Amino acid sequence: MPQVKIFAGSASKYLAEKIATAYGTQLGDLELLRFSDGEMAPHFNESVRGAEVFLVQSTFPPADNLMELMLMVDAAKRASAHKVIVVMPYYGYARQDRKDKPRVSIGSKVLANAIQSVGADRLMTCDLHAGQIQGFFDIPVDHLDGSAIFVPYLRSLNLGNDLIFASPDVGGVVRTRAFAKNFGAEMVVCDKHRKRANEIASMQVIGDVEGMDVVLVDDMVDTAGTITQAAKLLKDKGAKTVRAIATHPVLSGPAYERIENSVLEELVVSDTIPLRQECSKIKVLSFSELFARAINNVVTHESISSLFI
């Protein structure tokens, strides 16, 4: 069986170290050289010949993270790695999965093309904004489900029979229904209308939340406008408590301030993106064990679906 080596891009080293530890190995020795004009040149300080190389790097801003990842893949291929697997906990540009108006790009397809063009053999990611992005690839895609981490945490809260799940928009209904099914609970939908990106014009609740403990479910939180407005609306409709879970804490602009000042009991996120500052209402759960188990299953040719709840 080929040797397994795990390396980290500079943006995701904090998570890659935990993944390597959970897998039972040490993080590989990779050096990123930078020229004075900003050009990058990753260099493996150890042999990867014949190895199954896992490169951990998310593509949140800045854009250098993507360029660094592609250079890492190319370096590993040219160093005769047996296989190069990209582990991308957060897949950037996933919100650009279709043409929703004339004369726009499909950013998630551009990203897929870029990853494949440099020779990646496989992609491992988690909670894509749109599941159909998997179809943009002609290589295997392991799409992990964050519910494997979030569901046990929610069970530990012992919310009882008053638990109900809410989708902050119509697009998240499938994801929210999956959570509700796990708990044998009902779900409601917060139907929103946007004027433009990151700006909500109106929102209304479809369903009854009177006296219920509500859990909002989403794949990411960006400016936190949707999640905090939905929480307030649910409270106004009689919800006893409102908390939210979201895999990717993008948290840009006024997000931290909005969450801190919101009616949310807590916002539970993962460590696919590092927090930029502390917030008393944000709880972070690590996905390192989930990715480590997925890497093991890929190496041993076992089913990834066994990791789903």
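## Thr-241

Thr-241 counts as buried because its relative accessibility is 16%, where buried means under 20% relative accessible area, exposed over 50%, and partly exposed in between (1.4 Å probe, protein chains only). The model is predicted, so local features need pLDDT of at least 70 and side-chain atom pairs count only at pLDDT 80 or more, while totals for chains, interfaces and linings use all residues. Residues are numbered from 1 along each chain as its sequence is written, and side-chain values use heavy atoms, with hydrogens and water left out.

Thr-241 belongs to strand β12 (residues 241–249); strands (E, at least two residues) and helices (H or I, at least four) are DSSP runs numbered from the N terminus. The side chain of Thr-241 makes a polar contact of 2.6 Å with that of Asp-213. A polar contact is a pair of N or O atoms within 3.5 Å; within protein, one must be able to donate a hydrogen and the other to accept it, and residues adjacent in sequence count only if both atoms are side-chain atoms. Leaving aside residues up to four places away in sequence, Thr-241 touches Met-212, Asp-213, Val-214, Lys-235 and Glu-265, contact being heavy atoms within 4.5 Å.

β12 pairs with β13 in the parallel sense over two bridges; two strands pair if DSSP finds at least two bridges between them. Ile-245 is opposite Val-268 in β13. Together with helix α7 (residues 255–260), β12 and β13 form a right-handed β-α-β unit. A crossover is right-handed if, with the strands pointing away from the viewer, the path from the first strand over the helix to the second runs clockwise.

In strand β13 (residues 267–270), Leu-267 and Val-269 point one way and Val-268 and Ser-270 the other way, and all are buried. β13 also runs parallel to strand β14 (residues 282–285), joined by four bridges, and Ser-270 is opposite Leu-285 in β14.

## The five-stranded sheet

An open sheet of five strands has the order β1-β4-β5-β6-β7, with parallel pairing. β1 (4–8) and β7 (141–144) are at the edges with a single partner strand each, so one side of each has no neighbour in the sheet. Strands β4 (residues 52–56) and β5 (residues 83–88) run parallel and are joined by five bridges; Phe-54 has Ile-85 in β5 as its bridge partner.

Helix α2 (residues 64–78) packs on this sheet, touching β1, β4 and β5, and its direction makes about 160° with that of β5. Axes are lines fitted to C-alpha atoms, for helices over the stretch in contact, and angles run from 0 to 180 degrees between N-to-C directions.
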